[in-house]
Amino acid sequence: MFRHMQNSEIIRKMTEEFDEDSGDYPLTMAGPQWKKFKSSFCEFIGVLVRQCQYSIIYDEYMMDTVISLLTGLSDSQVRAFRHTSTLAAMKLMTALVNVALNLSINMDNTQRQYEAERNKMIGKRANERLELLLQKRKELQENQDEIENMMNAIFKGVFVHRYRDAIAEIRAICIEEIGIWMKMYSDAFLNDSYLKYVGWTMHDKQGEVRLKCLTALQGLYYNKELNSKLELFTSRFKDRIVSMTLDKEYDVAVQAIKLLTLVLQSSEEVLTAEDCENVYHLVYSAHRPVAVAAGEFLYKKLFSRRDPEEDGIMKRRGRQGPNANLVKTLVFFFLESELHEHAAYLVDSMWDCATELLKDWECMNSLLLEEPLSGEEALTDRQESALIEIMLCTIRQAAECHPPVGRGTGKRVLTAKEKKTQLDDRTKITELFAVALPQLLAKYSVDAEKVTNLLQLPQYFDLEIYTTGRLEKHLDALLRQIRNIVEKHTDTDVLEACSKTYHALCNEEFTIFNRVDISRSQLIDELADKFNRLLEDFLQEGEEPDEDDAYQVLSTLKRITAFHNAHDLSKWDLFACNYKLLKTGIENGDMPEQIVIHALQCTHYVILWQLAKITESSSTKEDLLRLKKQMRVFCQICQHYLTNVNTTVKEQAFTILCDILMIFSHQIMSGGRDMLEPLVYTPDSSLQSELLSFILDHVFIEQDDDSNSADGQQEDEASKIEALHKRRNLLAAFCKLIVYTVVEMNTAADIFKQYMKYYNDYGDIIKETMSKTRQIDKIQCAKTLILSLQQLFNEMIQENGYNFDRSSSTFSGIKELARRFALTFGLDQLKTREAIAMLHKDGIEFAFKEPNPQGESHPPLNLAFLDILSEFSSKLLRQDKRTVYVYLEKFMTFQMSLRREDVWLPLMSYRNSLLAGGDDDTMSVISGMSSRGSTVRSKKSKPSTGKRKVVEGMQLALPEESSSSDSMWLSREQTLHTPVMMQTPQLTSTIMREPKRLRPEDSFMNVYPMQTEHHQAPLDYNRRGTSLMEDDEEPIVEDVMMSSEGRIEDLNEGMDFDTMDIDLPPSKNRRERTELKPDFFDPASIMDDSVLGVSMF
């Protein structure tokens, strides 16, 4: 073809023979073989130029031919040609840049040799050698000029047009390769004339293109020798790079932060304090790669610098060590960021780059325990709390070796090296804090926040070291401190931390178990005895309990409850005393609310521990009966407290009741535990009603009703969010009972009817409940949905009377709710067929339930409900619409069918909804049954057994009624011969086919008009039309610069916008290589008549 055809003819022939309908070509195809093909293709181009670099590439034939062909193909409207040729041209350019670099080095060497020879004395100078060197330099200069022209041809003919191509992959190739050129041959390419293309493209809409820009720049900023050439670019585009740290594509954000880190290392003056702060806060990002990159930036900025005078104290440790000031800096940063609940995120962000600093627990311990040195400022109370929190997070990270909750996908398998590091760290932690922790607890014993964090340390200890390291005396000291803390504090968090610490230390695998168990038993003995003694005095008849007695009872009960959460205290028989306390509270009604709350919680723990003991070991019938009796009695007590005047008590009683009902439901027998059947407890109707009433009274309330604090002041936003979170938990607890069929499904009607009103607060919970109940029983769920609509309709009638306005917002809201309910049934009408039919049946019966007392000439009182019911008509199959219509006629009189007044409009519109849409339903039958045609055919062919009424191949499972009712519902259907299965037409996608291949009746040209001519009016390349691309492409609406004209002008003020000739220093161009073909993506070319006449493929 090259010998007998011009490039344009070759390209035309290739285009004609290329099957563009497939849409696939090697560069876009998936699989390892095609990935290898791409790399081999790129490698081939590089090897070809490298092998020909000394002679063949200068023969003015091969390279001319290849460059000309690639330039022409890169302007093709066929994506495959344009993509492949651009990749080849860019790789060819990269290979030529490498050749040019070698020529430049050889020229420098030749020039140096020539200067050295010429500077010799005349007697020692070799003239022949000078002539050879001159000749060699001349040849190298000519070769360099040749290479310049080749690169100019590729750059101006391909790159300048394709870097703003409509296809993101092509733009990415161009930016990736120009980055290689600037890094490889910085003398020729690293200037503002080429950097501007990378700067513009950082505004690209596609993340992969922006990513290539950043990786290209990283290669340049990494070399500090190139910093001087990047100063103008940095000043122009620094703000854009900083803004990209918040890019919606996480990969782009990570690379932007890494680029700023390189900029920071090259020159700290470039980035302002505001720029740095924009990166600092990203250490708290939930996306770990972003946070880690920001952590490295933070470490390089604030922690990597060391004062010269610190070099002399490198070998010191603790408070006088080199990390002391860095730890303080970390604490200051954490406090200034004002995100005190996210210390774990900060530690995790810096874990990879600042491991040595974060693992310097000796220094942290020294800062907390030792007195400050002379002239050193001591840590404030707030700073000490922050340091303890950070220290705890570093210990957790070292011991668990995985990111905190909310970061990462979960635990991963550790390598052997990581496991060894983990064991070493745990040993180091145990050896240090087994000694230091009792001292720390003694120092901060009165500070609840500090103590709570410090008490979490033992769960990360290697408890064996207490024995092997002979540290038993420090264990005894720790147990004494915990005991003192329990006696001093009544804060729930502190007490639970003490309980968890005992639980961590009471491990039967270690020899220290007996020592810890004795200490724990002594503590519980004292608490139980004290509680019984105080309770006896507190409940004495005829005496008014004073506040001091109530406080003593409450504080002791808090301690017992906290320990019962993690420890089995069954042998202390706490049920009797708690029952007595709660019973007295019900009888007298004056029990302090906190005592009731903790007594309920403690009793709940008693029952759960007894259940755990019965489940895990063989139990007697007496144990089961005793637990059953205690559980039933406790449920009755909780039910009593549901009517308490105190909201907090009611919420506690409700939460515990939901838990108890869930645990002791029929699910308790699952997994082969049939022996627990006597424990199954099903709530009666009164308890279900009270639980539902609680939800309606305390969950479905306006925000303002629950937003006033005790002093009458408006709560802040955080308190509102917390209150909403609590209400969501209460609703979720009740919905769980519905989903697991612990309570009747029809109780969900009162929940479902709130779907629209409280959509923002609880919409997700209610929708999920609908979905789960539908999976359990489709028909019962449908009956529940229609019941919720009936309840809303009745409420509207009670409020507005029967003569309400059907255009009112209340009625419209009910219709909108019905529409939302209809949408939840999905698109598969066969799956929901019986449920929808049952829904219509109940709706029709409700509409005609209340006859008008004024006589049959007036509509039934609930007739307007048919207007709501019509929202579900679209979910009926065609034959089911006829069935429902027949059932509707059962309730209609002849006079009703003749009525046309406004009051009868709901009946008319509902009838029309059942009679309309036949064609649409036919298609829905086809689409819905195409996947199960054989099954339906087999059902249709079976003779009727007479066991159930069958509606032409469909069974409608309706509630049992009288035989006359059933016959009325179905008798009319015997005369309706609606086919269940129709011949399904062959549905063929026509997207990739030519119009001539379509049959006239299958053509959708009239619906989706397609242009036969692809000519476009002259366009600016900032807005490119789809006619320049193949049909399967996504049109680009802005060019790659993705910025307004004003911003581009501002960004590039002082830069040369003209396309520069590649001028390799210090040579000059001799000639232009060939006249390039017009670019179909260039605005000047688009306006050219010759381009507008090009046929599209």
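## A tour by selection

Start by selecting Thr584: leaving out residues up to four places away in sequence, it touches Leu539, Gly589 and Met591. Contact here means heavy atoms within 4.5 Å. Thr584 sits in helix 26 (residues 574-588). Helices are DSSP runs of H or I, at least four residues long, numbered from the N terminus. Thr584 has a relative accessible area of 16%, so it is buried. Buried means under 20% relative accessible area, exposed means over 50%, and partly exposed lies in between, with a 1.4 Å probe and protein chains only.

A word on what you are viewing: this is a predicted model, where local features need pLDDT of at least 70, side-chain atom pairs count only at pLDDT 80 or more, and totals for chains, interfaces and linings use all residues. Residues are numbered from 1 along each chain as its sequence is written, and side-chain values use heavy atoms, with hydrogens and water left out.

Next, select Arg728, in helix 31 (residues 717-739). Is Arg728 buried or partly exposed? Arg728 is partly exposed, because its relative accessible area is 24%.

Move to helix 18, residues 381-400. Its 20 residues reach 29 Å from first C-alpha to last, close to the 28 Å expected at 1.5 Å a residue. The expected span is 1.5 Å times one less than the number of residues. Of those 20 residues, 17 are buried, so helix 18 is largely enclosed by the rest of the structure.

Now show helix 2 (residues 32-52) with helix 4 (residues 79-118). They pack at an angle of about 40 degrees, with their axes 9 Å apart. Axes are lines fitted to C-alpha atoms, for helices over the stretch in contact, and angles run from 0 to 180 degrees between N-to-C directions. Helix 2 and helix 4 are therefore oblique to each other. Angles under 35 degrees count as roughly parallel, over 145 as roughly antiparallel, 65 to 115 as roughly perpendicular, and the rest as oblique. Residues to pick in this contact include Phe41 and Ile45 of helix 2 and Leu87 and Leu92 of helix 4.

Methods. Helix = DSSP H or I, 4+ residues; strand = E, 2+ residues; numbered from the N terminus.
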